[in-house]
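Hi,

Here is the structure I said I would pass on.

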Amino acid sequence: METIEQLAEEGKLPEEVALAVLKQFDTSMSEAIKRFVTGKATMKANMKTYHYYENVWTFSLEQVEFKLNQAGSGSMAGAAGMMCNTAKVVVVDAKLGEQV
């Protein structure tokens with residue numbers, strides 16, 4: 001996204017093309033996730049801040065633990081885990097992407 005924005009700002013990519021590329025990326029990623037991702041994930045963290053603006057939630061998290069069960073079913077007890085000190089999570093309603 002940053003590269004596309006930079007190219008548009010430099011005049012190397014027309015703004016309407018940049019917007020079309022970003023829209024197509026969002027659509028393609030949504031379709032790919034629905035078709036190919038079968039895993040189940042959990043996240044546990046301390047929330048530092050949160051913001052809501054124009055149907056987009058942004059969460060700043062601390063002491064974050066992610067767990068992923070690639071099978072998509074069963075207990076998360078044996079799931080692979082990862083820890084990090086901070087994370088930023090941006091959440092958009094998937095239905096909004098389908099309307100654009």
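**Aromatic pairs**

There are 3 aromatic pairs in this model, counted by ring centres that lie within 6.5 Å. Bear in mind that the model is predicted. One of the pairs is tyrosine 52 with tryptophan 57, sitting 4.7 Å centre to centre with 45° between the planes, so it goes down as tilted. Tyrosine 52 has a relative accessible area of 46%, which makes it partly exposed. Tryptophan 57 is partly exposed as well, at 34% relative accessibility.

Tryptophan 57 also pairs with phenylalanine 59. Here the centres are 5.7 Å apart and the planes 10°, so this pair counts as stacked, the cut-off being under 30 degrees. Put together, the ring pairs link Tyr50, Tyr52, Trp57 and Phe59 into a cluster.

**The loop between E1 and E2**

Strand E1 covers 40-53 and strand E2 covers 56-69, with glutamate 54 in the loop between them. Asparagine 55 is in that loop too. Most residues other than glycine have a negative phi, but phi of glutamate 54 is positive, near 50°. Asparagine 55 has a positive phi as well, near 65°. As for accessibility, glutamate 54 is exposed at 60%, while asparagine 55 is partly exposed at 40%.

**Domains**

The chain splits into domain 1 (1-37) and domain 2 (38-99). Their centres, taken over C-alpha atoms, are 22 Å apart.

Cheers

Notes
Residues are numbered from 1 along each chain as its sequence is written. This is a predicted model: local features need pLDDT of at least 70, side-chain atom pairs count only at pLDDT 80 or more; totals for chains, interfaces and linings use all residues. Side-chain values use heavy atoms; hydrogens and water are left out. Domain bounds come from an automatic or database domain assignment. Helices (H or I, at least four residues) and strands (E, at least two) are DSSP runs, numbered from the N terminus. Buried means under 20% relative accessible area, exposed over 50%, partly exposed in between (1.4 Å probe, protein chains only). Rings of Phe, Tyr and Trp (its six-membered ring) pair if their centres lie within 6.5 Å; planes under 30 degrees apart count as stacked, over 60 as edge-to-face and the rest as tilted.
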